Amino acid sequence: MCASARQGLLLLRMEAAARAMDRTAQAGLTLVAETLTALGVEDLVRAELRLGQRRRGFSPYEKLQWLVLLLAGGGERVEDVRVLGRDAGLGRLLRRGTPSPDALHDFLGAFHEAPRMQGRPAEGAWIPSESAELEALSRINVALVGRAVADHEPGQATLDLDATLI
């Protein structure tokens with residue numbers, strides 16, 4: 001059974017799964033992945049984020065995408081990516097594998113520069129200057145928000161107490 005319906009920019013196609021392994025409770029994450037693609041986040045990451053990459057393995061964009069999917073799917077720690085990786089139905093929908101928790105930890109570790117922490121005082125609050133990698137993520141975020149609201153010309157934005165831009 002197949003039904004198609006147009007919802008916004010994305011074409012939704014539903015099919016009854018013949019086998020249990022083709023089912024997923026995480027199908028909504030495909031919309032998150034498609035939204036990142038529609039907003040051109042991969043090009044932003046490629047242009048802004050200068051991290052070394054092996055010939056094999058996941059690109060910086062793919063690792064960032066999996067972190068976004070992990071958060072959108074309710075993950076609380078990097079190791080929760082294993083849950084998404086075991087979801088064969090989600091893997092089929094996204095048509096790609098899942099990076100290991102170690103690969104994601106290494107990716108996140110690239111944003112930390114230990115020498116910046118040497119100026120930390122013994123007591124009190126302190127915020128070190130941002131690394132070049134964190135500045136690149138900031139530029140990606142600003143461009144992403146700009147693309148997301150470009151057609152709406154908002155007059156104001158509300159910054160929630162937990163720093164979520166609404």
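Predicted model: local features only at pLDDT ≥ 70, side-chain atom pairs only at ≥ 80, totals over all residues.
Visitor: What elements does the protein chain contain, and in which order do they run?
Guide: There are 7 helices and 2 strands in the protein chain. Starting at the N terminus, the order is β-β-α-α-α-α-α-α-α. Buried residues make up 23% of the 166 residues.

Visitor: Why is Asp87 called buried?
Guide: Buried means under 20% relative accessible area. Asp87 has a relative accessible area of 14%, so Asp87 is buried. Asp87 sits in the loop between helix H4 (81-85) and helix H5 (88-94).

Visitor: Why does Leu67 count as buried, and what does Leu67 touch?
Guide: Leu67 has 12% relative accessibility, which is under 20%, so the label buried applies. Leu67 is also placed in helix H3. Apart from residues up to four places away in sequence, Leu67 touches Leu104, Phe107 and Leu108. Leu67 and Leu108 are 41 residues apart along the chain, and their C-alpha atoms are separated by 9.6 Å.

Visitor: Which residues of the largest nonpolar core touch the most other members?
Guide: This core has 24 residues, and those with the most contacts to other members are Val45, Leu49, Trp66, Leu69, Leu84, Leu94 and Phe107. At least two residues of this core come from each of helix H1 (29-38), helix H2 (41-48), helix H3 (60-72), H4, H5, helix H6 (101-109) and helix H7 (132-149). H3 gives the most, with 6 residues. As for Leu69, its contacts are Leu29, Val32, Ala33, Leu84 and Leu94, not counting residues up to four places away in sequence.

Visitor: How do you know that the buried residues of H2 line one face of the helix?
Guide: The buried residues of H2 are Val41, Leu44 and Val45. Seen down the axis of H2, these buried residues fall within an arc of 95 degrees, so they line one face. An α-helix has 3.6 residues a turn, so residues three or four places apart point the same way. The buried residues of H2 pack against H1, H3 and H7.

Visitor: What makes the buried residues of H6 a face?
Guide: Pro101, Ala103, Leu104 and Phe107 are the residues buried in H6. Down the axis of H6, the buried residues fall within an arc of 160 degrees, so they line one face of the helix. They pack against H3 and H4. On the face turned away from the buried side, H6 carries the exposed residues Asp102 and Asp106.

Visitor: Why is the pair of Phe107 and Phe111 called edge-to-face?
Guide: The structure holds 1 aromatic pair. The ring centres of Phe107 and Phe111 are 5.2 Å apart, within the limit of 6.5 Å, so the rings pair. Their planes stand at 85 degrees, and over 60 counts as edge-to-face, so the pair takes that name.

Visitor: Are Phe107 and Phe111 buried or exposed?
Guide: Phe107 has 5% relative accessibility, so Phe107 counts as buried. Phe111 has 9%, so Phe111 counts as buried too. Both values are under the 20% cut-off.

Key: Residues numbered from 1 in each chain as written. Heavy atoms only, no water. Helix = DSSP H or I, 4+ residues; strand = E, 2+ residues; numbered from the N terminus. Buried < 20%, exposed > 50% of the residue type's maximum accessible area, 1.4 Å probe, protein only. Core = buried A, V, L, I, M, F, W, Y, C linked by side-chain atoms within 4.5 Å. Contact = heavy atoms within 4.5 Å. Arc of directions from axis to C-beta. Phe/Tyr/Trp six-rings, centres within 6.5 Å; stacked < 30°, edge-to-face > 60°.
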